[in-house]
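I opened this notebook to keep track of what I looked up, one entry at a time. The entries below follow the order in which I went through the structure.

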Amino acid sequence: MSYPTALPLDQISLDHGFLADRARLVRETVIPWQWEALNDRIPGAERSGCVHNLQVAAGEKVGEFHGLFWQDSDLAKWIEAASYRLGTHPNPALDAELDRTIATIAKAQRDDGYLNTYFQLVEPDKRWANLRDCHELYVAGHFIEAGVAHFEATGKRTLLDVVCKLADMIDQTFGPQPDQIPGYCGHEEIELALVKLARATGVRRYIDLAGYFISQRGRSPNYFEEEARRRGDKELPWHMHHDGLATLQAARPVSELDEPVGHAVRMMYLLAAMIDLAVERSDVALAEQSRRLWKAIVGRHLYITGGVGSEPHGEKFCEPFDLPPDRAYAETCAGIGVVMCARRMLELELDGSHADVMERALLNNVLAGLALDGRTFFYVNPLEVVPAVAKRRHDTHLVKTQRVPWFGCACCPPNVARLLASIGDYACSRVADGIALHLYFGGSVAIELGGTEVRLAIRTRYPWEGRVEIEFESASVTEFTLHLRVPGWCRALLLEVNGVETRIEAVSGYARVRRRWGRGDRIVLDLPMPVERVRADPRVTSAAGQVALQRGPIVYCVEEIDNGPILAALSLPRGATLEARFDSDLLNGCAVVEGEALRTPAADALYSTEAPIPVPVHFRAVPYALWANRGEGEMRVWLRES
């Protein structure tokens with residue numbers, strides 16, 4: 001299991017509602033579509049080369065390597081997603097396809113355990129020569145995660161044996177001994193993968209190796225500097241010119257980090273591994289440092305959509321509170337990193353604020369990366385787009401104004417797939433005295449508590465409605481605590497147990513209901529969802545004088561298709577009434593926010609001393625995650641308040 005307290009995925013069923021719809025989309029559309037992309041069978045899409053490279057490395061075909069150093073990782077993430085899919089919804093055809101692919105991987109693996117098609121096919125004499133730039137351990141980490149997922153989903157050791165051999169070779173190659181490499185990867189990933197492998201196999205030295213990679217990172221003498229001198233490098237790569245080794249979280253020891261730095265995905269993966277190690281080793285100091293970093297990210301670097309990484313040049317964290325909407329990078333993978341870290345924080349402590357961040361990032365930033373058709377994707381997730389400007393400006397040239405079927409660097413699409421295919425890992429936990437529900441979904445949970453099987457049926461239309469009904473379907477009676485998350489945005493919790501209103505104060509973001517439960521017992525949780533205006537800290541200068549609209553966990557945006565062009569001309573009167581309604585015909589069904597706004601008409605001159613007279617207009621806002629599903633146009637999250 002990805003997390004120590006997670007239930008096996010087949011014990012959590014999502015069968016109706018918002019999250020279930022997204023999980024079904026991944027099963028039925030995204031995973032098959034991405035397999036076609038990885039096999040270069042989608043007309044008009046950028047070439048992947050992943051399966052081609054693997055087949056060439058395995059000797060199954062003749063050809064040349066295509067793509068980037070880390071191309072294998074796209075295939076590994078897809079295998080992980082497909083494995084999770086098998087774990088919840090068996091599919092003989094997919095199972096057989098995975099078996100064939102894994103057999104090819106085993107053939108491609110070298111006798112000593114090494115596995116990386118770029119270096120096997122292009123530079124076989126340069127293995128481990130450029131850890132700073134070439135992602136070898138990053139690729140290995142994703143293969144390891146795939147191997148663990150496939151084993152846990154199917155019980156087969158075919159891929160697990162491959163990745164154990166790979167991990168053992170890495171364990172022999174890296175470390176403090178004279179005959180070992182005292183290095184670490186420029187892109188963190190291997191660390192959290194090794195912890196997963198240790199949990200799956202019980203081999204603790206994998207945890208020790210993960211700890212070595214983290215403790216060695218950024219120490220003096222700096223490995224990356226010495227490695228660069230050996231290669232004769234004259235200067236750093238372009239994406240490191242401004243921040244140097246801090247781009248890779250390697251300018252100083254990790255133990256000295258108190259603010260997120262550098263490449264956002266790498267930072268989040270590093271923090272995820274730190275939390276894992278803190279949990280596995282009961283390391284109080286590392287846990288406290290993880291909390292400080294997490295608090296800094298959430299308190300000073302998080303977009304309202306849950307995205308991180310505001311600087312496009314190098315996909316990096318910038319200064320605290322520098323969160324520009326139009327230049328936001330907010331990479332889908334970085335948002336997934338936020339979700340991963342939030343879930344891991346819940347392993348450190350059952351605090352609803354972590355689940356709040358997890359939900360914010362998931363339902364807004366991450367899901368924006370996936371189109372409703374399941375066949376196109378965003379890499380960059382800005383909070384404001386004017387298509388002509390985005391295509392022209394250098395600092396927004398990476399922004400896509402429409403989702404695309406694939407990327408040459410396609411890290412995000414399979415990352416979304418593996419997250420949504422394993423969403424049960426994030427939805428609930430086994431805790432010391434019972435069960436904790438972190439994300440509300442329509443479906444069921446089955447768990448054994450104290451030797452008794454407990455089955456919960458959950459009915460809800462969340463996040464469009466705040467009513468959650470939980471019914472106990474178990475025949476036996478058992479006593480335990482049900483921890484129900486009370487989101488931070490909820491101002492007035494209503495809770496009924498068997499039809500009787502019950503007053504329970506939330507503790508650390510969870511309502512804790514303890515009793516002897518049996519078949520027919522029923523809880524109703526009602527989380528009122530008024531439309532709210534959210535204002536940013538004044539240090540977020542790009543949002544000064546503006547508001548964003550939020551209802552429950554959903555952040556809204558306005559689009560040109562609903563409100564006409566020049567969205568910057570819209571403003572919301574402070575006292576204007578805002579109403580939400582569910583529109584079953586829009587964007588596969590969603591709650592929209594509507595009300596009266598003001599539109600400032602275009603002037604005759606570029607600048608004028610006369611105050612324009614705004615015109616009342618009706619406006620409509622839609623969930624941010626669903627923008628750009630109806631053609632190209634302007635989009636905006638932050639609106640002026642008048």
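At what angle do helix α1 and helix α14 pack, and how far apart are their axes? Before answering I note that I am reading a predicted model.

**Entry: α1 and α14.** I looked up helix α1, residues 18–38, against helix α14, residues 352–368, and found that they pack at an angle of about 30°, with their axes 13 Å apart. Since angles under 35 degrees count as roughly parallel, that makes α1 roughly parallel to α14. I also noted that the crossing of these two helices is left-handed. On the α1 side the contact is made by Phe-18, Leu-19 and Arg-22, and on the α14 side by Leu-362, Leu-363 and Leu-367. Sorted by class, the contact of α1 with α14 has five nonpolar residues, no polar ones and one charged residue.

**Entry: α7 and α9.** I then turned to another pair, α7 and α9, whose axes come within 11 Å and cross at roughly 50°. α7 and α9 are therefore oblique to each other, and α7 passes α9 in a left-handed crossing. From α7 I listed Cys-164, Ala-167, Asp-168, Ile-170 and Asp-171, which meet Arg-205, Tyr-206, Leu-209 and Phe-213 in α9. The residues of this contact divide into six nonpolar, no polar and three charged.

**Entry: α8.** Is helix α8 largely enclosed or open? I found that nine of its twelve residues are buried, so α8 is largely enclosed by the rest of the structure. The buried residues include Ile-190, Leu-192, Leu-194 and Leu-197, and also the charged residues Glu-191 and Lys-196. Among the elements that cover the buried residues of α8 are α3, α6, α7, α9, α11 and α13. As for its length, α8 spans residues 190–201 and reaches 16 Å from its first C-alpha to its last, close to the 16 Å expected at 1.5 Å a residue. After α8 comes Gly-202, and I wrote down that its phi is positive, near 80°.

**Entry: Val-385.** At 1% relative accessibility, Val-385 counts as buried, the cut-off being under 20%. Which residues is Val-385 in contact with, leaving aside its neighbours within four places in sequence? I found Ala-390, Val-399, Thr-401, Trp-627, Gly-633, Glu-634 and Met-635. I also checked Val-385 against Pro-325, and these two are 60 residues apart in sequence and 8.4 Å apart in space, C-alpha to C-alpha.

Notes: Residues numbered from 1 in each chain as written. Predicted model: local features only at pLDDT ≥ 70, side-chain atom pairs only at ≥ 80, totals over all residues. Heavy atoms only, no water. Axes fitted to C-alpha atoms, helices over the stretch in contact; angles between N-to-C directions. Helix = DSSP H or I, 4+ residues; strand = E, 2+ residues; numbered from the N terminus. Parallel < 35°, antiparallel > 145°, perpendicular 65-115°, else oblique. Left-handed = near helix turned anticlockwise from the far one by under 90°. Contact = heavy atoms within 4.5 Å. Expected span 1.5 Å × (residues − 1). Buried < 20%, exposed > 50% of the residue type's maximum accessible area, 1.4 Å probe, protein only.
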